[in-house]
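Try each task before you read its solution.

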Amino acid sequence: MLRRMPFCPLWASSRLFRGLTLAFWLIVYPAAGFAQSTPAWLGADANEPGSPLHEDTLDDLVIRISGLPREQRVAAALDLIERVAHRLTLPGISDGMGVGDGFLFGNLNDGVYDLELYVPVLAALQAKADRFAARGSANAELFFLDWQLLGYPPEERLAHLRRVHRRAAELNALDNRVARSVRFAIGLYVRALNDEGHADEALIAMSQTFAELDAKGMRLSDPALLRIFGETLTLNGRHDEADAVFAEQLGYWQTRAEAAPSDAFRQTQLTNNQMSYYRNIMGRFADAEEPGRIAAEMAIPLFGRERGATQRARYNYATALLGQGKAAEALPFYEEALPLQLRDETDAFVGRNTDTIILLTTLARARAQVPGNESAALAAARNAADRLRARRNEQLAGGREASQGDAAVSALARAVARGTRRNPLSSAYDMVLYAGWAARNIEPAALAAAFSAAQDLVLSDAGDAITQAAARSLAGDGPLGDLVRQRQDTANKIVAGVEAFRTAQYDADPEQLARRRADQTALGERLAELDAILARDFSEYAELTAPNSVEIGKVRASLGKDEALLFLLPSEGSHFVFAVTRNTAEWHKVPDGAESVARLVGRLKCRLDEMTCNAEESFSILQEEDKGEASPIDDFYPRYDVAAAHKLYRLLLAPVEKALGNKKTVYVVSTGAISALPLATLVTAPVASATDADALKTVRWLGNRHAFVALPSVSALSLTRRSASSAAQQFFVGYGAPSLDGDPSQAETRGGSSRRRRGAAPLRAAGFFKGDPGTGMRVDPALLRKMDPLPGTARELDSLASALGRTSSVVHIGDAATEGAVKQDAALVGANVLVFATHGLLPGEMGQSAEPGLVLTPPSSADAIDDGLLTASEAAALNLRAKWVVLSACNTATADSAPGADALSGLARAFLYAGAQSLLASHWRVSDDASATLTLQTIQTGNRGVRQAQALQAAQRAVRSGVDPTGEAIAEWKPHWAHPSAWAPFTLITDRNR
């Protein structure tokens, strides 16, 4: 059936939602007959050529629908449905029509998804399915269920196919023609999900399908689908299961070799090719080599040497060789394939696929490893990266929907594209770094190309948040600024809705799906309205917020004479470092260094926060403390491994230190493991150990040489904002010391003589949240109330209020420190300093799918305004302009340390999005006493005219030494404050050192 062909998604975007679910449609269009009088065709012979019920006639009717005036098309479609339904009641008729059913929805509106036209047609199809179900006619029921497929938004089609297949299983009709056709379509849509990087969602659909087939003893009824199941298992890392499935599939075709030699040969070649391809993707190169060789050899007699299918099989095999270090053997395969692939691109449809990007990427890798081909390697890598950027920019512009005239559909497409970060093809960017390094001594443009590609690899939600805040700043405080905020909030809701819908659609009830669909439709329409207004009144908005990389020359021009930029990221198992100043730029690669960096960071982080230690590191700490003389600091913190801190410095930063020189301010953009460690804690000179305060004071910390600022993205340096308003209604607003009912004895020792610090509450709460992730989750206040109180935070906020002026300070503690108070606090927008001093909870401490949040005084019962936890999404809804926002809680700075993941936590991103000019966030649990002094010293020093990075640097030195920046001794200072766990938890996050 033609609707199963891959061109179907051209009728609407494969990355967006549109319309309402069937539950809603059937309310608007109840299941009733649509024919209002006896039709003339009622007694026609369905088998007679030319008859109004003959399948060829019905196919012709579908084609003619597109030539009708718009107002007549629905009526024609309903008449067609009535004819097909009647035809299926006639004796000897098993097929509804020929091949035309697949074109019905496309012809209704010339290939453009149109909710208004589709709703009555879908309702009519469902009504017929219900009617035949009541009659016990499985074949006809399944036919009408299946016919609805292309009337659904693309993102819902796989879930609809699953519903049809589930119904076929219930009817014991899995061998039905429709069920077989549905499985073919499931395979196509699963493949598309795999290609888009959603293999987890694909696995849900495949597992459900094969559970139904296995229950009926039909596992091998569809060998091609079994192969796709193996591909999906491979991408999910379930290699043993995947290998067994592939072996099962190959075994089936061996049994068919005599009965169907041609089919067996073709399918055996295809299965071996897919095994090789997907094992290569997962880095199983040795396991990919043999199936790759078999597939490449079999392809030549099947397709001919110059056919695309043959060349793809040959470079799959070449990739297996390349992954094992056999570049010289692999390179000729790629060189032969490239001109043939480029030739195929003359076909407009073929040119849209990803094969050229994949080929150029692997060709670049092979060339870079064969001496004499370095320049050509960089050229291929840059070509692949440029093509990938073009694809991304097309999606950000709304994709094909932008030219189809439906503003809401196009707006939805743009929003979803912004929410997609790590593209499955992003290794094209990695390859620019790889090939650029190989060609660095012969290609002057290598550094600049690699610097841009590195930014493309780490486009982040945090960078997006600060860019969006800057755009609001430029729009001003009036109606235009409000429109920008509405536009950004609406787009964020669309992205969140898409992600919630992805897996929920397979099991959610129809009414819940209807609500979600209605919400998405309304959001898309509102987004289109806002975009139209902004295009008219703020034409620069789209350009300002586009997530593009910044050329290295522009970065250099944006830096002051005492400023530098450090950009650190893992790529392809290695680690890269870029150092840029106004006058120079250098880069460095640590070959195969990503693992070494991660291991050293883990060792150091364990000695800063024992909650992060694995068993090996915990044992190592005990061994170290058993050696030599005991130190008073041992009662508070593990011994810091200064030797490891120096080793990490030499590995990553010493090679570019010449470029950094003595620059006072160093902006840092990082991703991967290194993003979890403040660079100030690295050590620039060898030292064997430092176990007491005096020794720690003399260590040559990197934080003494440079003041660091964490940037969400390189592009943040070039942002333009309006000057901050000087008319602050409140200088300082603080929230903390929530009323909690935990162990008072633990609270008394927090920050005193105990090693326990804020955020240490051992919460691992299945059931911490109540509700449905898609429709609203609320925290259980009773669980929050069991956490330990934090009296030290009340002293922290009181000290800040005293130092900053009580007449211009408002502090909310105890019962006044509620989530509802924060959300309704009109003083927040005028606050110059905003501090939250409380427990911070991370997703891992609250169960799957939970947001990070700040604990406030729990209410007696939760409602939509107040459940006791200010989550990241709720913080993002605040309206802030503060120069300083301080999150004095546990690990409010760092997020996922995986390569390419956002380096900043959801809380940090949220407060940047809300408008915070600068953020002080923590990398680990903070102690009440030291953190209070650190915060106070930082803000006081900044208020004396010192720039923020230097203010934090001076405060860190003060906490470490016991002497404040004015030379006065800090009365409450304690020796264990010399440990970096006490003085280095906070990172300054902003777009410019103010």
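This is a predicted model: local features need pLDDT of at least 70, side-chain atom pairs count only at pLDDT 80 or more; totals for chains, interfaces and linings use all residues.

Residues are numbered from 1 along each chain as its sequence is written, and side-chain values use heavy atoms, with hydrogens and water left out.

**Exercise 1. Find the disulfide and work out its handedness.**

Step 1. Look for a pair of cysteine sulfur atoms within 2.5 Å, which is the rule for a disulfide. The count comes to one disulfide.

Step 2. Name the partners: Cys-606 is joined to Cys-613, with 1.9 Å from S to S.

Step 3. Turn to the torsion about the S-S bond of Cys-606 and Cys-613, which is about 95 degrees, so the disulfide is right-handed.

Step 4. Check the surroundings, taking buried as under 20% relative accessible area, exposed as over 50%, and partly exposed as in between (1.4 Å probe, protein chains only). Cys-606 is buried at 1% relative accessibility, and Cys-613 is buried at 17%.

**Exercise 2. Describe the salt bridges of Asp-60 and Glu-819.**

Step 1. Apply the rule: a side-chain nitrogen of Lys or Arg within 4 Å of a carboxyl oxygen of Asp or Glu. The structure holds 41 salt bridges.

Step 2. Asp-60 pairs with Arg-64, their closest N and O atoms lying 3.1 Å apart. Both residues sit in helix H2 (residues 55-65), four residues apart, about one turn of the helix; helices here are DSSP runs (H or I, at least four residues), numbered from the N terminus.

Step 3. Asp-60 is partly exposed at 37%, and Arg-64 is partly exposed at 49%.

Step 4. Glu-819 meets Lys-823 at 2.9 Å, N to O. These two are four residues apart in helix H35 (residues 819-823), so about one helical turn separates them. Glu-819 is buried at 0%, whereas Lys-823 is partly exposed at 30%.

**Exercise 3. Compare the span of helix H38 with the expected value, and say how many of its residues are buried.**

Step 1. Helix H38 covers residues 928-943, which is 16 residues.

Step 2. The expected span is 1.5 Å times one less than the number of residues.

Step 3. H38 is mostly covered, with 14 of its 16 residues buried.
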